[in-house]
Structure formats: structure tokens, C-alpha cells
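The following paragraphs lead through a predicted model.

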Amino acid sequence: MSLLIRNGRVVDPAGGTDAVADVWVAEGRIHKLGRGLKAPAGAEIIDATGKVVCPGFIDMHVHLREPGFEYKETIASGTRAAAAGGFTAVACMANTFPVNDNRAVTDYILARAKVEGVVRVYPIGAVTRNLEGTQLAEMAEQAEAGCVAFSDDGKCVMNAELYRRAMEYALPFGTPVISHAEDCQLAHGAPMNEGFVSTELGLSGQPGAAEDVMVARDIILAELTGAHLHVAHISTAGAVRLVREAKARGVRVTAEVTPHHLVLTDEAVRSYDPNCKMAPPLRTKRDVEACLEALVDGTIDCVATDHAPHATSEKEGEFAEAANGVVGLETAVPLLLDRLVRPGVLDLPTLVARLSTGPARLLNLPGGSLAPGAEADITILDLEQDFTVDPAAFHSRSRNTPFAGFTGRGAPWMTLVGGVKVTP
Amino acid sequence: MGWKRKDLIGMQDLEAGEITDVLDTAISMKEIAAREIKKVPTLRGKTVVNLFYESSTRTRTSFEIAGKWLSADVINFSASGSSADKGESLLDTARNIEAMSPDVVVVRHKASGAPALLARHLRCGVVNAGDGAHEHPTQALLDLMTIREKKGHLEGLNVTIVGDVTHSRVARSNIFGMRKMGITVTVAGPPTLIPPQCQELGVKVSHRLEEAIAHADVIMMLRLQHERMEGGFIPSIREYSRVWGLSLAKLKPCRPDVLIMHPGPVNRGVELSPEVADSPFSVILDQVANGVAVRMAVLYLLAGSKSA
Amino acid sequence: MSTREKAQVLDETGLDRALTRIAHEIVEQAGGGEDVALVGIKTRGVTLAERIAAKIAAIEGTKPSVGALDITLYRDDLGLKAEQPIVRTTEIGFPIKGRTVVLVDDVLFTGRTIRAAMDALMDLGRPRIIRLAVLVDRGHRELPIRPDYIGKNLPTSRRETVAVLLREHDGVDRVVIQEE
């Protein structure tokens, strides 16, 4: 089974390529890259003239909600949304019901993914039992079962002693520990960022310091234990500065940022639209600028959506009562292309790296490369495609996005996993 | 100027001319309170629904009297808690009420933004009777009416608001409204009870009571809620009242014609000593009387403006 | 919408004579025994009531009580207009009960203003008798209302408007017919 993707602009940061070339896929793997390749008879030809051919994008922070919250999303619908959004792989967080804190749930997720998953699914296991922050989860068995990282995401492990032990325990598995950095007391459940907007709106705010304080703590613990710390959904200038300094010191810390933290500020909350409520909350312009700068210079290693589906009833009504989180799989790539690449804030090869090479390296995954022999996970982009965000057309089960009605240019065109087209 | 709004959500939305319209109309409404037959047929056949999610006898009664004196039919809906507590979401409750064709819904809710949400979804007019710590526009309007009545004008006055500004919708509405009318506003309280970047609202910030009230024409005391002690905002009620409470002694250096205001209910001995509360400086009871007049004016202006 | 003046129907002297005649008629009907009070309908009705009261004072020696009535809250067309009309204040500083009240207005047209004025007056107390004095009756009644004292009968078409200009408000005393 051969496939020839002809004449596209091939952007492969791992291989140092950014040129028009053909990509020859055979038996689900990259066979050859080159100009004017002649495919064998019977090969399918995909004309990628004017398109951009990249290693498949990997979203390392997704909530697939299955098992337990299938009314919000399932592995089937979530991976379909991923494929539609240009992603060939997702890593899914452990705050399911039951929590993925033991191998039985990990096995379940992988089994469902095998049958119903449209793209690759990599489970992330819990750090503590039931995400309660008091006892370690069985990380050895979970790693054996296939967990690629550990995180209590959704919650912060407040007990420093326990978190230190968790980092130490996870060391032999080579799995990063992913921190949801939020000091729950400083944050006191406030629904938005503390600042002038919260003062004017009379809404309780959580200061950026609630995130910075925990990032600082986790960096120090990573230094102490030698663990690989990955900071989830970084959002403040303070946290960015801490990560930059820690990297300079040689600490094994990495970070991800969401598209919404690069495009929106807390001004969006003035509408009281619950689709602008998430954790960490939308921050100030200064924080957004710091994150953009860090994404460009590599202090932030990758973009991850923190795709968090919720039913409509959970995202309408009083702002302070709404569930936290927004979907992101189907809006990430178009927004990043239109708001970052098109105005020249970030060049295309760097964006591709932040979406493919970066996550693959962080999680020790195969992928993020178009080198011959690699699995043919390929994302093809159309930079000239106009888009309008229409939640009614989402493949995800949920519609909770702050970007409804946003327009721009640049979108995913085709997604292939193992050489097979999976775009819905 | 002419009132064209369907809803009254906050002082922040109003222009100075609209505020003046309400105050002027309220003066005429106040005359009705002095009559033997306290009724005019103006809103006859109109239905006003009081949808109060936070218990509040005073404000609700004030709106009820206002509606009844205008001959409207007033229905009280006491919903407790929030969407999460009772199972029926705020929007569902509102839609159910709307199915009964009210002309105005007056809503008080603990969530900032709730009246704005209702106003977007309901065809009838919505009056915000207090949403979280955000706004309480009829309170600010009655405060402005009281000040204008006593001082003869608003522009150029110095008003000091003392107390828990962070959690106060009365403070916010007054700050927004007063600034539009040319009043210089100072807020005073312990730093833990003044919200971040407060001065960007266009107010002076002080952490010393004596300095903040020295030149004030009006001192507005905010109610201290006991939960603030538990939340770590103040060490004790006792210390708060010693440092921030008003007594006759603390008023000695102030202007002899200073007005003392309070949105009520007063914690005697905490924000105000009993002597101050009962002194000639206090216009607290005038505030209450003006509350009915202002709410009559608001109902009159809203019930008449057709969005159809 | 511009209006142009079509004709002057009363000049300063004519207006004054009409008010003098009304004052005499009121005094005659009262017969010296009735305690007449004048209530003007805002805004120009109040001015006319004051003038009539002054003339009665010149005739009888004592000035009758004068009050001002704002009828906005009693109108039957609220909610039909784009914005609520501005409410002014009613100032009647004497008891209504048992009195003879003469309502005073500048122009009588459909009669709806007078209907509202009567309702407003009744809410303030129960007068013994209500009578009506108008400077101009321009016809086109929509309710069964009739004036007791008329300054001038003026048949008009619906397209026309009658404007009463008074020194205290407009700098001159005259009554004119205008057309769009």
C-alpha cells in the first residue's frame, strides 16, 4: 500500500527540512522524501501543491472524559475531533471517573482507543490515588500498562513531601511528571484572574502568584529529585520567568501553553460568558505577551490545548458556577496559524516543532518526524483556507469554546495516521 | 434626555443625563408618598416580578411598595441558592417566569453577571437589585438623590466611602455613578478590603480613616460582614470597629455639614456608634424614603419603554 | 417637521379680555358663597390659573387658592410612546375635599388630558364640584367632556395645532394656529 504526497511544502524540523518535496509512504511508514519521486503503480496520489506537509501534530493535554463522563466526550468523539483539528495523537489526562490511577483503567482506555480511536491515544496516569493528593497511585504498573506521563491535572498536589516522593518514584520509568500549578488557598476557587477587570466586575480573582508559587515549588522539587517536571498550561509572566531561569540552571523542566492563553486576555470575561472560564484563568496582556515571547524562544516547549469538553448546561448560567475548561482540538491549529504565523509572531517551522517534535520528545513518543522509517503520521495544512469557528459543526460532543464566530485564514487540510487518512 | 433602555443592569452603563432623569423623576414620585391615597394608575395592568435569590426584606419591600404605589401587580419569587443548589438553572427559572408575561423582572443574585445574563434572554425589562459584588444601581441612585437633596448639587462634592469595598456592590455602583456626576470619590479601608488596582477606577485610596474623612462632604459607611474575619481579611470585628468605625469624637474634625450615609442594615457599634447613627449628621432614614421614590422612577421609566 | 404660523386668533389685548371675562363668570357662578379653588394643568394651565386668580382678587378683594397639577402619571397613552414622558411635580397646598375646583388649561382638544386631570384630582381628595375653564376650545372631542368657561371657540382641522404663547414662558401673549 503506497501513498505519494506530491509537491507540498515539507516542513520537518527534526530533519531540518523546509522545502517543496514529495513524501512517499509505504506500509504505514515514511519510505522516502525527495523531489520528483516516482511512486509504484497503484499508489494513491495526494496532490499537496500549495499545502504544507508536517509530521503529525501531537496534543499532549487532552481530556477525553471516558470512562465516566461520556456525556461530555468519548474516546471516539474526542479522537475524531483531534483528527479534524489536524492532530494524529493525543495524550489524555487521568481525571476520568473512575480516575485513571491503576492499570485496569489504563488498559480500558487503551482497549477502547484500539477499537474506537481515530488517532493515537497515550494515557497519562494519576500521581495520587483518586487525585486526592494523599497517597501515591500505582505508577509502576501504570507505566507498564502504557502511561506516558503522570499528572493530577485538574488539581494541584498541595503536599510538597508527597509530590517529592512521587517525582522520585516515577524516575525509573522515564515519564515526566506534569504539574497543574495552582496553590488552592491563594486561588481560593476564584473564577477569574485577579486584576483590574476582576475589580471592576466585582468577581473574585485569583492572582497570578497562585500559579507562580507552585511553579517555583515544583522546580525546586525537580531540582532536588532530578525528575523531569513539565508545567501544564503555563499562563503567567512570573511562571515563564521561573521556567526560563530554571532551564538556564540546567533543571529538567519543560512547559506547555494553550492557544487560548496566547490569544485571549481577562478582558474577555467582561461578557460574563462562561465559555471564558477555565483553570488557569485568562490572564492579562502582559502575561500573554510573556507567553508568546517564551513560545518563540523555546522557553515554552510546546502548545497543548487542554481540550476540556463540558455539556452546554454546565457552561451557561452564572459565571462563577460554571465548570472550568474549554474545548480546543478543533480550533487550535486555525487560530495558531492565523494569529501567530500569519502576522509573523512565530514562523511556521517553529510552530510545527512546537506541535510535533516538541511533544514527541517530551513524552518519549515515536512521532514528530518525517524521517524514513518513521510511522506515517502526517498533518497537511492549507495556509490559504479561510475558516469561521462554528461550534455546531464540531466533531467533539461538546461546544464550549470562547472562539465561536472567530474567523481567519489557515487550517488543517488532511490528517493521516500510519499512512491512513483519518480526517472525518 | 429620555430613557430608552430595556433594562437597568448597572451604573456603569448609564450616562450622566440618564442619571439626572431618574433623580428628577424620583422627586415627583416622592410627592406621592406624602399623599393620603398613595396610588397613581400609571402602571396599572403591568406585572412586576421580584426574583430574589438572596434574602433581603428591605430592598424587596422597597420595590414592592414602589410597584404597588404605581398600581402594578407585584409578585414575589423567593428562589434560594443558585442553579447548583436547587436543580433548576437560573435561565430555566427565568424562562418559566417569562412564560407568565411579566413586564419587569427585578432580580437579586449572589453571582456577578446574573442580571446581565437574564437581560439577554428575557424579553421583558430586567432591573438589577444587586448581583454579587458587582452593582446595585438603585442603591447608588437613591444615594445620589439623597446627596443632591441635602446639598443642592452633586458636582464638585467630596465623598468618602469607608469599609469593605472589595465585596461591596454598593461601593462599585456609587463609584461608577458618582464619577459620572463629577463627584470626587475617596475609598478608605484596610488594604485587605480594598480591591487590586482600585485607584484605576478613578478614586483616591486611603488606609487611614482620619485623613480620608477630614474634608468629606459625605461619608458613606459600608456594612462589615462577619465572614470577613473568617476569611482572613481582618483579625477581629473589635479591632475593625475601633480603627474604622465612626464615632462622634472621630467626626469632630470633619465639616460641620457632613452627611453620614449607610446602605443598611447598620451594625450599630461596628461601622457607626449608636450616637452617630442617631445624630443629625445621619441621613440614613432619608435614604430609605428615597429608595422607594427612586425605584418608582425606575419602574416608571422601564415599564414605559418598549423594545418592540 | 416644521410648523408655519397660519393665523393669529388672539392678540395680547384679546387674551387679557378673555381671561377677565372668565374671571367674572367664575365669580358670578360662585355667587359669593362658594369657596372656589383654581387648579392649573401643567404647564401653561398653571400660568393661566395664576392670572385668573389675580383678576378674581381684583374683583372680589380676596385671591382664590391656586394649585398646580401634573397629569403625566394618569395619561392613558403611556407605553404607547417611544419614551416615557417626563414627570413633573404636583403642588396643591390646600385640601380638595368639599371644595369647588375649577380646572384650568390652555387648549381643550380631545378631552383626554382633562379626564386624566379629574382622576388625579380625585386621588387627592373628593371635591364637591369640578368645573373646567379653558382659554381655547378647538373641538375634536374623543371623550364626553365639556368646558364650563371658554375664552374662545376655535374650529380647527386635525392637521392644525393651536399654540398658546404666554409672556411668562414665551415672552409674548398671543394665540396662533399652526400647520405642518
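In chain C of this predicted model, five strands form an open sheet in the order β3-β2-β4-β5-β6, with parallel pairing. β3 (65–69) and β6 (149–153) of chain C stand at the edges; each has a single partner strand, so one side of each lacks a neighbour in the sheet. On average, neighbouring strands of the sheet are turned by 25° against each other, direction ignored.

Helix α1 (residues 12–30) of chain C lies across β2, β4 (100–108), β5 (129–137) and β6 of chain C, and runs at about 150° to β6(C). Helix α3 (residues 112–124) of chain C also packs on the sheet, where it touches β2, β3, β4 and β5 of chain C. The direction of α3(C) makes about 155° with that of β4(C).

Chain B is divided into domain 1 (11–134 + 290–304) and domain 2 (137–287). The centres of these two domains of chain B, taken over C-alpha atoms, are separated by 25 Å. Their contact takes 20 residues from domain 1 and 21 residues from domain 2 of chain B. On the domain 1 side, α1 (16–33), β4 (125–131) and α13 (284–304) of chain B each supply at least two residues. By class, that side has 10 nonpolar, seven polar and three charged residues.

Chain B also touches chain A, in a contact that takes 23 residues from chain B and 16 residues from chain A. α5(B) gives the most to the chain B side, with three residues. The residues of that side divide into 12 nonpolar, eight polar and three charged.

Notes: Residues numbered from 1 in each chain as written. Chains lettered and ligands numbered in written order. Predicted model: local features only at pLDDT ≥ 70, side-chain atom pairs only at ≥ 80, totals over all residues. Contact = placed C-beta atoms within 7 Å. Helix = DSSP H or I, 4+ residues; strand = E, 2+ residues; numbered from the N terminus. Nonpolar A, V, L, I, M, F, W, Y, C, P; charged D, E, K, R; others polar. Domains from an automatic or database assignment. Pairing = 2+ DSSP bridges. Axes fitted to C-alpha atoms, helices over the stretch in contact; angles between N-to-C directions.
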